Amino acid sequence: MTAPHTLTAIALGLAVIALPARAEFPDKTVRIVVPYSAGGGTDIVARRLAERLTPRLKQSVVVDNRPGANGIIGTEYVVKSPPDGHTYVLVVNTHLLNPILYKKLPYDTFADLVGVTMVCQSPLVFVTQSEFPARNAVEFARHVKAKPDKYSYGSSENMTRLVGEMYNKYQHLDMVNVAYKGGAPLMTDVIGGVTTVGVTSVLTAKPFITAGKLRPLAVTGAQRTPALPNVPTMIESGMKDFEVYTSYSLYAPARTPKAALERMQKEIHEIVMAPDMKEILAEQAATPVAQPVDAFNEQVKKDFAFWQRLAKEVNLQAE
């Protein structure tokens, strides 16, 4: 006859065996949503991350483009995704402008999302057709003033629209904005002369500049970028304090486990700080950041205050 304590031990053992093994993160495909069209700066960063994250996470990492409504469509998709650490959205600064410009969003920018890290940042560049008879931003402004109803500037989301309005304000221009769903279609129309000047990331514009299809007029960093060493800054062109950078930042649905966020941040930090990736980013004027989760979420608060002030200064209104 089996002793009672032996039966208890057997029962406990069976119970342990019956419990499902706790899955380690990640245990399925990881999705990075890009809420802009393919071929733009955000898409480029996302795909470089995805190809390097896949072997590190031992799971497929895919990029999912869901453009439209200044990034709102793709971001809403992520907000409504399960907060299990397998879905993220990679956005630029317009993510923090949307709650300033839209009274009603289908989500709460700060309550429904949690920051993972800023992957990298880069200055913006103003570009026009290579045949356009202006070599810099000051010469371009003279042409606009001579025929004020003829010219337009293109943007791919609210952040680049804000920077275009900054240029309008500094040069006392009234160029109309043409909105695009991403940097790639914007570049196509600038090359074709449909839109006169485009405001975009160096990541997006550089291949077309290198190919001779676009002419850079100015960059928005404090100093010239080694990626475009012959292109003056807006500050050099006489526009004091015209210093703006676009950042590529990763967010997850609120309530995503902190362990998943920290694992993603750690892997991204290792990737962007590796010499080969640093070199790739530097060629496109991008600087790696990848700060810790808590530090990034504190930075988000400061950045929001900055964009809020800037939007008010240029009287940026929702379209």
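**Cavities in the model**

H2 supplies the largest share of the lining of the largest cavity, three residues. Helices here are DSSP runs of H or I, at least four residues, and strands are runs of E, at least two, numbered from the N terminus. This is a predicted model: local features need pLDDT of at least 70, side-chain atom pairs pLDDT 80 or more, while totals for chains, interfaces and linings use all residues. Residues are numbered from 1 along each chain, and side-chain values use heavy atoms, without hydrogens and water.

What is a cavity? On a 1 Å grid over the protein atoms alone, it is a set of points where a 1.4 Å probe fits but cannot get out; lining residues have an atom within 4 Å of a point. The count is two cavities of 30 Å³ or more.

Take the largest. Its volume, the space filled by probe spheres set on grid points joined across faces, edges and corners, is about 150 Å³. It has 19 lining residues, with Gly-41, Thr-42, Ser-156, Glu-157 and Thr-204 nearest its centre. Where does the largest cavity lie? Domain 1 (30-122 + 245-314) and domain 2 (123-237) both give residues to its lining, so it lies between them. Those bounds come from an automatic or database domain assignment.

Now the second largest cavity, with about 80 Å³ of space. Of its 13 lining residues, Asn-93, Leu-96, Ser-247, Ser-249 and Tyr-251 are the closest to its centre. H4 (94-101), S9 and H11 (293-313) each give two or more residues to this lining. H11 gives the largest share, four residues.

Definitions and conventions. On a 1 Å grid over the protein atoms alone, a cavity is a set of points where a 1.4 Å probe fits but cannot get out, and a pocket is an open set with protein on both sides within 12 Å along at least five of seven lines; lining residues have an atom within 4 Å of a point.
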